[in-house]
Amino acid sequence: METETATPWLTDAEQCAWRTFLDVQRMLTYQLERDLQPFGLTMNDYEILVNLSESAERRLRMSDLAAATLQSKSRLSHQITRMENAGLVRRENCESDRRGLYAVLTDAGMETMHKVAPHHVESVRKHFIDQIGPGALGDLRESLKPVADQLRGRRGKP
């Protein structure tokens, strides 16, 4: 018979920090989504446009884009179809791998990025950066970096 070890419950301070993080994450995502709505984009759309705009030749293999955006290949495929219909991206066959496909940012997609990016940055600044202040930003980054590093190393693992 296995013996169970006691779960180390969160202290009041840990619980407060955890719930504050969850609240901020939800509310910030909600607000950034709202601020993208007038442009007909979601945060997922915007993240895809950013990834493609920053990649060589404005294109990425679909599998790499799925990994970069933490989406399943199936979900990304549906999203790319919607973005294709809007003229923001297109698919191209991969010459070296007949099964592979690239997602490619179109000129219209790049124009959309140029139009939306200043508004998105303004929203990020208004709702996040300016609320924290320059001194605390470095502390926040240093506090969250080990969490991000640990989670990156666990991708695809239970």
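Strands S2 (residues 89-93) and S3 run antiparallel and are joined by 5 bridges; strands here (E, at least two residues) and helices (H or I, at least four) are DSSP runs numbered from the N terminus. Two strands count as paired if DSSP finds at least two bridges between them. This is a predicted model, in which local features need pLDDT of at least 70 and side-chain atom pairs count only at pLDDT 80 or more, while totals for chains, interfaces and linings use all residues. Residues are numbered from 1 along each chain as its sequence is written, and side-chain values use heavy atoms, with hydrogens and water left out.

**The sheet**

- The 3 strands form an open sheet in the order S1-S3-S2, with antiparallel pairing.
- S1 and S2 are the edge strands, each pairing on one side only.
- Neighbouring strands of this sheet are turned by 25 degrees against each other on average, direction ignored.
- Strand S1 (residues 59-61) is linked to S3 by 3 bridges, and the two run antiparallel.
- Across that pairing, Leu 60 stands opposite Ala 103, and Arg 61 has Tyr 102 as its bridge partner.
- Strand S3 (residues 101-105) is largely enclosed by the rest of the structure, because 4 of its 5 residues are buried; buried means under 20% relative accessible area, exposed over 50% and partly exposed in between (1.4 Å probe, protein chains only).

**Helices across the sheet**

- H2 lies across S1, S2 and S3, and runs at about 95 degrees to S3.
- H4 lies across S2 and S3, at about 120 degrees to S2.
- For these angles, axes are lines fitted to C-alpha atoms (for helices, over the stretch in contact), and values run from 0 to 180 degrees between N-to-C directions.

**The nonpolar core**

- The largest nonpolar core holds 20 residues, and those with the most contacts inside it are Ile 48, Leu 49, Leu 52, Leu 65, Leu 76 and Ile 80.
- Such a core is a set of buried Ala, Val, Leu, Ile, Met, Phe, Trp, Tyr and Cys residues joined through side-chain atoms within 4.5 Å.
- At least two residues of this core come from each of helix H2 (43-53), helix H3 (62-68), helix H4 (73-85), S3 and H5.
- H2 gives the most, with 5 residues.
- Apart from neighbours within four places in sequence, Ile 80 is in contact (heavy atoms within 4.5 Å) with Ile 48, Met 62, Leu 65, Val 89, Arg 91 and Ala 103.

**Helices H5 and H6**

- Helix H5 (residues 107-132) packs on helix H6 (residues 134-154) at an angle of about 100 degrees, with the axes 6 Å apart.
- H5 is therefore roughly perpendicular to H6; that label covers 65 to 115 degrees, with under 35 roughly parallel, over 145 roughly antiparallel and the rest oblique.
- Phe 128, Ile 129 and Ile 132 of H5 meet Ala 136, Leu 137 and Leu 140 of H6 in this contact.
- By class, the residues of the contact are 6 nonpolar, no polar and no charged; Ala, Val, Leu, Ile, Met, Phe, Trp, Tyr, Cys and Pro count as nonpolar, Asp, Glu, Lys and Arg as charged, and the others, Gly among them, as polar.

**Two residues to look up**

- Ser 123 is found in helix H5 and counts as buried at 5% relative accessibility.
- Leaving aside neighbours within four places in sequence, Ser 123 is in contact with Leu 32, Asp 35 and Phe 128.
- Arg 154, in helix H6, is partly exposed with a relative accessible area of 33%.
- From Arg 154 to Val 116 the C-alpha to C-alpha separation is 33 Å, and the two are 38 residues apart in sequence.
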